[in-house]
Amino acid sequence: MKRIVFIAPYQEILKSGEQIIKKLDFIDKVDCILGDLTRGIAIARQAERNGADVIVTRGGTAELITNAGIQVPVVEIPITFQDLAEALLAAKAITKQEKPKIAVMAFQNMIRSIEVFAKVMDVQIMVYLLRSEEEIASTVEKALRDHPDILIGGMHTTEIAERKGMRTIFLTSGEESFRTAFLQAEKVSYARRLEKERMKKFRVLVDYSVQGILSIDGHKRIEIMNTAAERLLGRPLKQVQGKSLEKLCPDLLLDNCLREGQVYRGKLVQIQGRKFMANVIPIDIDGNITGAMITLEDVSQIVEMEATIRKENYKKGLSAQYHLSDIIGGSPQIMSVKQIAEDYAGIDATVLILGASGTGKELFAQGIHNASRRKKRPFVAVNCGAIPSSLLESELFGYVEGAFTGANKKGKAGFFELAHGGTIFLDEIGEMDKVAQMALLRVIQERRIMRLGDDKYLPVDIRIIAATNKNLSQLVTKGDFREDLYYRINVLPIQVPSLKERRGDAGILAEHFIGMYNQLFQREVILDKKAKELVNTYEWPGNIRQLRNVMERLVIVAKEKVVSSNFLENLFDVPAEAALKGDSLNIAENDCSERAKILHVLEETNYNQKEASKRLGINRSTLYRKLKSLGIHLKRTCTT
């Protein structure tokens, strides 16, 4: 069978297709076969077995083949506006009416084009959807009851309708539609041949991989393995092929993999006295586990490689992992801040990032660096609050040999020196003591540093990005932060909004973290509708850091796949109702106690508990508990 298979539903289409194939000089590339609907599916399956690259067909046959689960791509010969227009003109000519009442019967893949055409051309069209060949006769009967002037459809449809006495028009595709379909099929065929070539190359890569790769059948017998696996196991394939891998390595837990489809990653196993890091992945064919793939890596080699990587990374300096595009959220608040950060990235000036703890200030710092001209140079992050004040200056500026007791004999480069050419990120800058503040001010002004114990300056080309969760202007007023340093670093300020200010972003972030931890812990946890609403109405005082922590905990401890709002509420670090949105309650600031809030909402809703719980953003069971604990007694009973 040739690379492209043309399945023509009707003889007329077959002839039209053959003419186009001849004009395109595709005769050696295309097999032309007559077969409509159900027979078309059988032909398509045969084409799949014979290794065809692509199938070309049209109408209901195309949809049925696509829905049949056949893996060969299907290129559909379209029905264009020109084809529909020609059918409409024919309908007017036959009925001799300017606006005839037209019935069109088609499969789902053709419906959209017909509906759009009807709107554009202001034509009175009644569309009848077909789902299978068996539905055609009954759908024609249905159309008859609507008394159309004429019916447009495929060959089977028009044949049945004509037997019922209806006037019909056979809807076919024009020459350009055939040409477009066959040219597209040629491109798909070429792409698939490239993919097959890539797969062959992949097999070569597997054979020459340093990682041992082997497969077993459903009875744990070794089938194939690459050269690396032979080397790691110390045995050639011919000696172990057909033998049980379990006897060679009992630690692999193959029963759980083959019976339950359990995936094991990074499992430490021992084979003949040597330690390996193993991954065991089941081979699932249409729901049946037919075997497993196992990869092996020598632990001693992993340790050596890790040491080498760490050494090289230290030599090269640190780098920023995240980009501004990695900052998740679609709220106007976060989009505005991301745009500001993007604008600042192109300006080589000091940036001050302000925001509460857990809002992602370092993510913005890394994003600004990676969007700047310095993106290929070092990014050095320093947590000023985590380094003791007595060591902060030596860590920032470095020191020479013998600078102080306990100093490294070879001296040490400071963070500013390591960041040369790139960006230094000073997190929690509000925690710096006055001595370090004065030294930092000198670096910003002079763009040079002096190591402790040295007598010469080193020029540094750096961009400074600072961040804090404190109010620096208040610290300046109190005398805890130098005023001149404050104005030096507050050149390009960015205020990162808290999560509660980012309307709707909590839900987006929650879905992202759940997906991430589902993959990490091999789970399939999801939130139900009310749980998603709770995520978006909760205040998240710990911001994104708290949200991520709660989602990780949820994925780990959830017993059910679908998590309810009650279960989620119990995982919060603080009670959910303590973080209700005050703006939705619309009460005065001096009357914002929990009891007052609940009483206020109950009065507004005429003590309707269902409506009150909705306004409060909690479920009714939580409201009942709060009423009891706060000693609130309902004044009257009402429908809930």
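**A close look, then a wider tour**

Mentor: Let's start with N543: setting aside neighbours within four places in sequence, N543 is in contact (heavy atoms within 4.5 Å) with A356, S357, G358, T359, S498 and L499. Keep in mind that this is a predicted model, where local features need pLDDT of at least 70 and side-chain atom pairs count only at pLDDT 80 or more, while totals for chains, interfaces and linings use all residues. Residues are numbered from 1 along each chain as its sequence is written, and side-chain values use heavy atoms, leaving out hydrogens and water.

N543 lies in helix 23 (residues 543–557); helices (H or I, at least four residues) and strands (E, at least two) are DSSP runs numbered from the N terminus. With a relative accessible area of 3%, N543 counts as buried (under 20%; exposed is over 50%, partly exposed in between, with a 1.4 Å probe and protein chains only).

Now to helix 4. Its 15 residues (81–95) should span 21 Å at 1.5 Å a residue, and its end C-alpha atoms are 21 Å apart, so the two agree (the expected span is 1.5 Å times one less than the number of residues). Buried in helix 4 are D83, L84, A87, L88, A91 and T95. They cover an arc of only 135° around the axis, so they sit on the same side of helix 4 (the arc is that of directions from the axis to the C-beta atoms). Q82, L89 and A93 are exposed on the face turned away from that buried side. Just past helix 4, K96 has a positive phi of about 60°.

Strand 6 (residues 125–130) shows another pattern. Strand 6 runs parallel to strand 5 (residues 102–107), joined by six bridges (DSSP must find at least two for strands to pair).

Last, the largest nonpolar core has 33 residues, and L396, F416, I424, L426 and L440 have the most contacts inside it (a core is a set of buried Ala, Val, Leu, Ile, Met, Phe, Trp, Tyr and Cys residues joined through side-chain atoms within 4.5 Å). Helix 18 gives the largest share of this core, six residues. Not counting residues up to four places away in sequence, L396 touches V382, G414, F415, F416, L426 and M432. A second, separate core of 26 residues includes I43, A44, V140 and I160.
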